[in-house]
Amino acid sequence: MDLSKYKSGPGLDLIALKNLFKILESKGNNKTDIVNILEFGSGFSTQFLVDYKEYSKKNIFIDSFDNDPKWCFQNADKYPFLNLNVAP
C-alpha cells in the first residue's frame, strides 16, 4: 500500500501513518476478528483508514468524529463500515 499519497494536509505525517499501518497489519488477521477504530478528526486519515480496509479486506469498522462538514471526509455514505459523525 502506497502511503505517500496521504502526506498532504494537516493530518498525520508519513511516519505516523507508517506506524499506524504496522499496527493495523498486526490486528484482525483471522476472518472472525473484528477491528473497531475510533477516530477524532476525519480527513486524510479517514481516507487512509477506508483505503486500508479495502486493501486488507479485514473486518474493520470505523467511527469517525469531526466538527466541520467542510473539512471532514466526504462521501462516507458509500462505505457501510464507516460511521461519520459531524457535530460542533
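What share of the contacts in the chain with a separation of 6 or more comes from residues 24 or more positions apart? The share is 54%. The legends below start with the whole chain and then turn to single residues. The model is predicted.

**Figure 1**
Starting at the N terminus, the elements follow the order α-β-α-β-β. Along the principal axes, the C-alpha atoms fill a box of roughly 35 × 25 × 20 Å. The radius of gyration is 13 Å, which agrees with a compact globule of 88 residues, because such a globule would have a value near 12 Å. Buried residues account for 35% of the 88 residues. The chain has an accessible surface of about 5800 Å². Carbon and sulfur atoms hold 55% of that surface.

**Figure 2. A nonpolar patch on the surface, formed by Leu-38, Phe-40 and Phe-65.**
Together, these three residues have about 350 Å² of accessible area. Phe-40 sits in strand β1, which covers residues 35–40. Is Phe-40 buried or exposed? Phe-40 counts as exposed, because its relative accessibility is 64% and the cut-off for exposed is over 50%.

**Figure 3. Glu-39, a residue of strand β1.**
The relative accessibility of Glu-39 is 8%, so Glu-39 counts as buried. The cut-off for buried is under 20%. Which residues does Glu-39 contact, leaving aside neighbours within four places in sequence? They are Ser-45, Thr-46, Leu-49, Ile-62, Asp-63, Ser-64 and Phe-65. One of these, Phe-65, also belongs to the nonpolar patch.

**Figure 4. Lys-53, a buried residue without a salt bridge.**
Lys-53 belongs to helix α2, made of residues 44–56. Which side chain of opposite charge is nearest to Lys-53? That side chain is Glu-54, 8.2 Å away. A salt bridge needs the charged atoms within 4 Å. With neighbours within four places in sequence set aside, Lys-53 is in contact with Lys-58, Asn-59, Ile-60 and Phe-81.

**Figure 5. Trp-71, in the loop between β2 and β3.**
Strand β2 covers 60–66, and strand β3 covers 82–86. Trp-71 has 60% relative accessibility and therefore counts as exposed. How far apart are the C-alpha atoms of Trp-71 and Gly-41? They are separated by 9.0 Å, although the two residues are 30 residues apart along the chain.

**Figure 6. Ile-15, in helix α1.**
Helix α1 spans residues 14–25. Ile-15 counts as exposed because its relative accessibility is 61%. Along the chain, Ile-15 and Leu-3 are 12 residues apart. Their C-alpha atoms are separated by 9.6 Å.

**Figure 7. Asn-83, in strand β3.**
Asn-83 counts as partly exposed, because its relative accessibility is 37%. Which residues does Asn-83 touch, not counting residues up to four places away in sequence? They are Ile-62, Asp-63 and Ser-64. These three residues are also among the contacts of Glu-39. In sequence, Asn-83 and Val-50 are 33 residues apart. In space, they are 11 Å apart, C-alpha to C-alpha.

Conventions: Residues are numbered from 1 along each chain as its sequence is written. This is a predicted model: local features need pLDDT of at least 70, side-chain atom pairs count only at pLDDT 80 or more; totals for chains, interfaces and linings use all residues. Side-chain values use heavy atoms; hydrogens and water are left out. Patches are made of residues with over 30% relative accessible area and no salt bridge: like charges are joined within 9 Å, nonpolar side chains (Val, Leu, Ile, Met, Phe, Trp, Tyr) within 5 Å. Accessible areas come from the Shrake-Rupley method with a 1.4 Å probe; for residues, only the protein chains shown count as cover. Helices (H or I, at least four residues) and strands (E, at least two) are DSSP runs, numbered from the N terminus. Buried means under 20% relative accessible area, exposed over 50%, partly exposed in between (1.4 Å probe, protein chains only). Lys and Arg count as positive and Asp and Glu as negative; His and the chain ends are not counted. Contact means heavy atoms within 4.5 Å. The radius of gyration is taken over C-alpha atoms; the globule rule is 2.2 Å times the number of residues to the power 0.38.
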